[in-house]
Protein chains: 2
Amino acid sequence: MAIAAPKTRRGETSRAVILGAALDLFQERGYEATTMRAIADRAGVSLGSSYHYFPSKEHLVLEFYRHTHDLHAEAIKPLLAREHDLAARLRGTMRAVIVTCEPFHAVAGSIFSTVANPASPLNPFGAAAKPLRDEVVALYGEVVSGSDARVPADVAEMLPLTLWLYQMGILYFWIFDKSPGRLRTLEVIDETTELIVRLIGLANLPVLRGSRRRVLSLMKSIVDRD
Amino acid sequence: MAIAAPKTRRGETSRAVILGAALDLFQERGYEATTMRAIADRAGVSLGSSYHYFPSKEHLVLEFYRHTHDLHAEAIKPLLAREHDLAARLRGTMRAVIVTCEPFHAVAGSIFSTVANPASPLNPFGAAAKPLRDEVVALYGEVVSGSDARVPADVAEMLPLTLWLYQMGILYFWIFDKSPGRLRTLEVIDETTELIVRLIGLANLPVLRGSRRRVLSLMKSIVDRD
DNA sequence: GCTCTAACTTGAACATGTTCAAATTAACTG
DNA sequence: CAGTTAATTTGAACATGTTCAAGTTAGAGC
C-alpha cells in the first residue's frame, strides 16, 4: 500500500508536478477545500493519473509532512551547531517548528484530524509513518545529545520519543491558537521547555527516583510492545 | 448550528428512531462503513429526513458521546458512593470508562479522529461540546472531592480538567490496544492512576513547589484565555 | 527500425455525504 | 368541518473521493 515509486523520468516529472500542485492548493484553500480534480487540473494531468502516484488524498498529506520536516530540519541546523544549552536548543527547535509550519496553519487542523485516525495509513504511530517518525525522533535525539546537559541514561533513552510527543502536543495547541503572530504558542513553548529541562534536572532527587523509574519502565513497555 | 429539536411527538419519535438506528449501525459496522442511507433505511425514514434532525453525520457522533457518558456515569455511581480512597476512585472510574466503551472499540478510532478536527463542531475543546465537557469535568471533580485525599487548593482547582485530558489520553491508547480483553490498557490505567496520586502527594515538596506553581499558572492561563 | 512490454494516462462510472424545493401531514383556528 | 400554517418527509440532484478497464507512450531487445 506504499506510494508507488515512478520508474521512468516521465513518471518522476508527473509525480513531482502533482505533488507540487497539491502542496500549493492545500496552502491556498486548505485540505478539505482542495479537490482531487483541482489538483489534477492544476498539475495538468487527469484525475486518474493522480491516483496512479498517490493511493489516496491522505497520502498526499504524508508528503506534506515530509516537506515541513525537511524545512524544519534545515532551519535548525545552525542552532544545533552553535548552541549547547539544552533549554536553548529545545526552545529554538520548538520555535522553529511553529515558524516552519506557520504557512500551513489554516490547513493544519484538518490534516491533524485526518492523521489522528488510527485506521489511517498515515497515523504517526503506524507503520507507514515510521521512516519519518524515526527521523523526527532522531532529530530530538540530536537536540539532547548535542547539549551539555547531564541526563541520566534511562531518561536519555526515552527523552527523544517524549519530545516528539511533546512536539505533537504543541502543534495541537498551535492549531487552536488564534493570537496575532501565534505569540501565545511561543509563550507556551518558552514556559514548557524550561519546565521540561528543570524536570530533567530534578529527576535525580531521591524522592523522585521511584516514580521516575516507574514512569520510564511504563513508557518502555508501551514502546516495546508495539 | 445546534441539532434541531423536534417540535411534535411525531418528530420526537423520528429523531429517536434515527438515532437508535445510527448507534446500532455504528456498533455493527463502524462509523465509516455506516452510510447515511443505511441509517435512514434501518430507521424506516428517507435520507432527507435524517438530515432534518441531524445536520451531519458527525452530529450523530455527539449523541453517541453523550450515550456512553451517561452509561459511564451510571456505572460508577456505586463506586463513588462507597469508596473514598483517591487512587481507588480514580482507578475504578477509568476502568469503567474502558468497560463502558468496549462495545464501541471498533468504531472509536474513526470517531476520535473525526472529533479531533478543530474545525469540527464536535471538537471536545469547542463550544458545541461544552455542555458534555462540563459534565465530564464535573464528574472528575466529584472523583476528587469525594475522596479523603488532601489536595492543595491550587492543584484541586486544575485537577478535574487535567483528569479529563488524562481520560482522553487513555482512550487514545485504548483505541490502539489490541491485547485480549484490553488488558494492556487496564494495566496502564492501574500504573498511571497510582503515579498520578503519588505525584499529587509529592506536590507539596519544597523542591517541587516552584515548578508546580508554574505548571498550574500556565494551565490556568490557557484555560482562561479560551 | 520493429516489436513487445511495462509504465503511464485517461475519463467514465460508482458510492456516499449533503442540499433543497416540493409534497405531505397534523394540529390549531374560526 | 374547512382553511391555514408550521412541522415533517421525500427523493432527486450535486460534489467529491475512489476504482477500473481500456487506451497511449516510451524505451529495451533484437
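Reader: Let's start with one residue: where is the place of R182(B)?
Author: Helices here are DSSP runs of H or I with at least four residues, strands are runs of E with at least two, and both are numbered from the N terminus. By that count, R182(B) has its place in the loop between α8 and α9 of chain B.

Reader: Before we go on, what pLDDT do local features need?
Author: Residues are numbered from 1 along each chain as its sequence is written, while chains are lettered from A and ligands numbered from 1 in the order in which they are written. This is a predicted model, in which totals for chains, interfaces and linings use all residues, side-chain atom pairs count only at pLDDT 80 or more, and local features need pLDDT of at least 70.

Reader: Is R182(A) buried, exposed or partly exposed?
Author: A residue is buried if 20 or more other C-beta atoms (placed from the backbone) lie within 10 Å of its own, exposed if 12 or fewer do, and partly exposed in between. R182(B) has 17 such atoms and falls in the middle class. R182(A) has 18 C-beta neighbours inside 10 Å, so this residue counts as partly exposed.

Reader: Thanks! Stepping back, how many helices are there in chain A?
Author: Along the sequence, chain A follows the pattern α-α-α-α-α-α-α-α-α-α. Its C-alpha atoms fill a box of roughly 65 × 40 × 30 Å along the principal axes. Of the 226 residues in the chain, 25% are buried. Chain A has zero strands, and its helices number ten.

Reader: What does A43(A) touch, beyond residues up to four places away in sequence?
Author: A43(A) belongs to helix α2 (residues 36–43) and is buried, because 22 other C-beta atoms lie within 10 Å. Its C-alpha is 8.1 Å from that of S14(A), a residue 29 places away in sequence. Two residues are in contact if their C-beta atoms, placed from the backbone, lie within 7 Å. Leaving out residues up to four places away, A43(A) touches V17(A), I18(A) and A21(A).

Reader: How many residues does the largest nonpolar core have?
Author: In soluble globular proteins, nonpolar side chains tend to be buried together. A nonpolar core is a set of buried Ala, Val, Leu, Ile, Met, Phe, Trp, Tyr and Cys residues joined through C-beta atoms within 7 Å. F112(B) is among those with the most contacts inside the largest one, and beyond four places in sequence F112(B) is in contact with A116(A), Y172(B) and I175(B). The number of residues in that core is 72.

Reader: Which element gives the most to the side of chain B that touches chain A?
Author: The contact takes 22 residues from chain A and 23 from chain B. On the chain B side, α6 (105–116), α8 (153–176), α9 (183–202) and α10 (206–225) each supply at least two residues. With six residues, the one that gives the most is α6(B).

Reader: Which residue of chain B comes closest to the rotation axis?
Author: Superposed by least squares on the C-alpha atoms of residues with pLDDT of at least 70 in both copies, chain B can be laid on chain A with an RMSD of 0.1 Å by a turn of 180° and a shift of 0.0 Å along the axis. That is why the relation is one of a two-fold axis. The same surface serves both copies, since 96% of the contact residues of chain B recur in chain A. Closest to the axis, at 2.6 Å by its C-alpha, is S113(B).

Reader: And the DNA: which element gives the most to the surface near DNA strand C?
Author: A residue is near a strand if its C-beta atom, placed from the backbone, lies within 6 Å of it. DNA strand C is surrounded by 23 residues, and G11(A), S46(A), G48(A), T35(B) and G48(B) are the closest. The element that gives the most, with four residues, is α3(A).

Reader: What supplies the largest share of the surface near DNA strand D?
Author: Around DNA strand D there are 23 residues, the closest being T35(A), G48(A), G11(B), S46(B) and G48(B). The largest share, four residues, comes from α3(B).
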